[in-house]
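Welcome, and please open the model in your viewer. We will go from one selection to the next, with a short note at each stop.

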Amino acid sequence: MENQIDGRALILACSAIGAGLAMIAGIGPGIGQGFAAGKGAEAVGRQPNAQSDIVRTMLLGAAVAETTGIYGLIVAIILLFANPLISRYMDLLNK
Amino acid sequence: MDVQGIIDFLIGWMENVDPKALVLAFSAIGAGIAMIAGIGPGIGQGFAAGKAAEAVSKNPEEGARPATIVMLLGSAVAETSGIFSLVIAVIILFANPLVNKEGVGIVLAASALGAGLSMVAGIGPGIGQGYAAGKSAEAVGKRPKLQSMIVRTMLLGQAIAQTTGIYALIVALILLFVNVLK
Amino acid sequence: MDFSNHVVTTVNLFGFELWITESMVNSWIIMGILVLAAVIIRIILQRRTLQAVPTGLQNVVETIVEMLDNFTVSTMGEKHRNFGPFYGGMFIYILLCNLSGLLPGPKYVESAGYIQFMRPPTADVAVTLALALITFFMTQGYGIKAKGVKNWAKGLTEPMWPLTPLNVIGELANPVSLSFRLFGNILGGTIIMGLYYNLPWFALVGIPAALHIYFDIFAGVLQAFIFVMLSMTFVSSAME
């Protein structure tokens, strides 16, 4: 079978696709943190002397909203740098 | 190369590939797609953060701390659908149950992809629970003394909003562990 | 040019092989710096008589301690003031870990970059998960201490009993999200800095300083602040 596709190449190819798809999760924190920043600016406008509290709450909420974007980043990094699927395939091959 | 030709070509190369490699390849794509659910909590928690900042501005003296605490509590609950999809992605990546299952290669590969696709439903609960967290942070900002009642109502509502996320998790787990499609 | 945690040496401890990794050595270095600074400050302040109006070193140290105490009181409330020193110490440790990307570090691997920066220990999920588990067990421990085991268990079935699994998952999700938030941000910063330093020399003129300011200083300080503030909030709301 001359066009036998090398299994390892296929896994690498699909890992690249998977890493790319994982980063789509970045849309969420983008929209959410933008909304938080907007509301934060509006809040500081309404109550300037409470500015430090407002900024603290806004930053805290924005950082909490960051986490799912970080999850996507971590899965993408795992797929790119430390690909467990390749090592699993290698184990299966030489078993 | 009409549509029939394309399909033949696609199915064709799937046949002469080692089925284990096909399953692992589609698992990679499935794990990537599962993470798309991160959109939900991102938007929801961002909304909660904005509303909490607004609540602090409306009632800075005694409303600041309760609003922040309620926002954090609500955001922590809104986090669960993001955690579910992370768990499924990690299962698919590190403890892939489909590889050493006996069955047709294409079916197992499609199951892995399906598990990832079903987790995209996490967007819904993420946004919904974030909305609930935001509105309750705003409510606590207005009436800090009613904090415990507001928090209880918020948790109840968020739990109900979580159900569709749990359905998606169940379907994904069935696809991964119970080989229904013999 | 890889970003993994290189094993510096392996030590076998009664038959069990222990891998001493880069982030362990770096965190020992940071702990050494902190302990040394504390001891030196203690010796200097002990010799001098403490004035009511502080000047010089005493002034600096007092403002830091006051700032950390106010930070704790404003987050956890007046009656939990005694958490101040603990969370102050944790904040300083995490802050220094995050900022350690700025210090020139020991070179464990022949990486192509010109300058070998220290790899921040918090860019390793083991370190951040350990810190997050401290918070998790403190939350549950103080919750049980404050409310008693029965109320604590009843608290898990918050509005209605069928929601117990969801509450348990919510509790378990806290350490995961805490540790991945700190780990993801710092690792992301380390990777971007590492990639950037492999560009040819003309790209390294002004821009890395700006990248360092954003990734190492802003993100480092913010993530340390967020981690400690969330830990304090979880512990104090568990005790309410």
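Buried area is the accessible area, taken with a 1.4 Å probe, that two parts lose on being put together, summed over both. Select chain A and chain B: about 4100 Å² is buried between them, and carbon and sulfur atoms give 76% of that area. Within chain A, pick Y71(A), L85(A) and R88(A), which lose the most area to chain B and together make up 14% of what that side buries.

Before going on, two notes on the numbers. This is a predicted model, where local features need pLDDT of at least 70 and side-chain atom pairs count only at pLDDT 80 or more, while totals for chains, interfaces and linings use all residues. Residues are numbered from 1 along each chain as its sequence is written, chains are lettered from A and ligands numbered from 1 in the order in which they are written, and side-chain values use heavy atoms, with hydrogens and water left out.

Now show the residues in contact (heavy atoms within 4.5 Å): 52 come from chain A and 52 from chain B. Which residue forms a salt bridge with K39(A)? Select E54(B): its closest N and O atoms to K39(A) are 3.3 Å apart. The rule, a side-chain nitrogen of Lys or Arg within 4 Å of a carboxyl oxygen of Asp or Glu, finds 1 salt bridge across this interface.

On the side that touches chain B, the elements giving two or more residues are α1 (7-22), α2 (27-46), α3 (51-80) and α4 (84-93) of chain A. The largest share, 16 residues, comes from α3(A).

Rings of Phe, Tyr and Trp (its six-membered ring) pair if their centres lie within 6.5 Å; planes under 30 degrees apart count as stacked, over 60 as edge-to-face and the rest as tilted. Here the centres are 6.0 Å apart and the planes at 70 degrees, so Y71(A) and F180(C) are edge-to-face. Both Y71(A) and F180(C) are buried (under 20% relative accessible area with a 1.4 Å probe, protein chains only; exposed is over 50%, partly exposed in between).

Move to Y214(C) and F215(C), an edge-to-face pair with 5.0 Å centre to centre and 75 degrees between the planes. Y214(C) is partly exposed at 45% relative accessibility, whereas F215(C) is buried at 18%.

For the last stop, select F83(C), F86(C), Y87(C) and Y142(C), a cluster linked by ring pairs.

Terms used: Helices (H or I, at least four residues) and strands (E, at least two) are DSSP runs, numbered from the N terminus.
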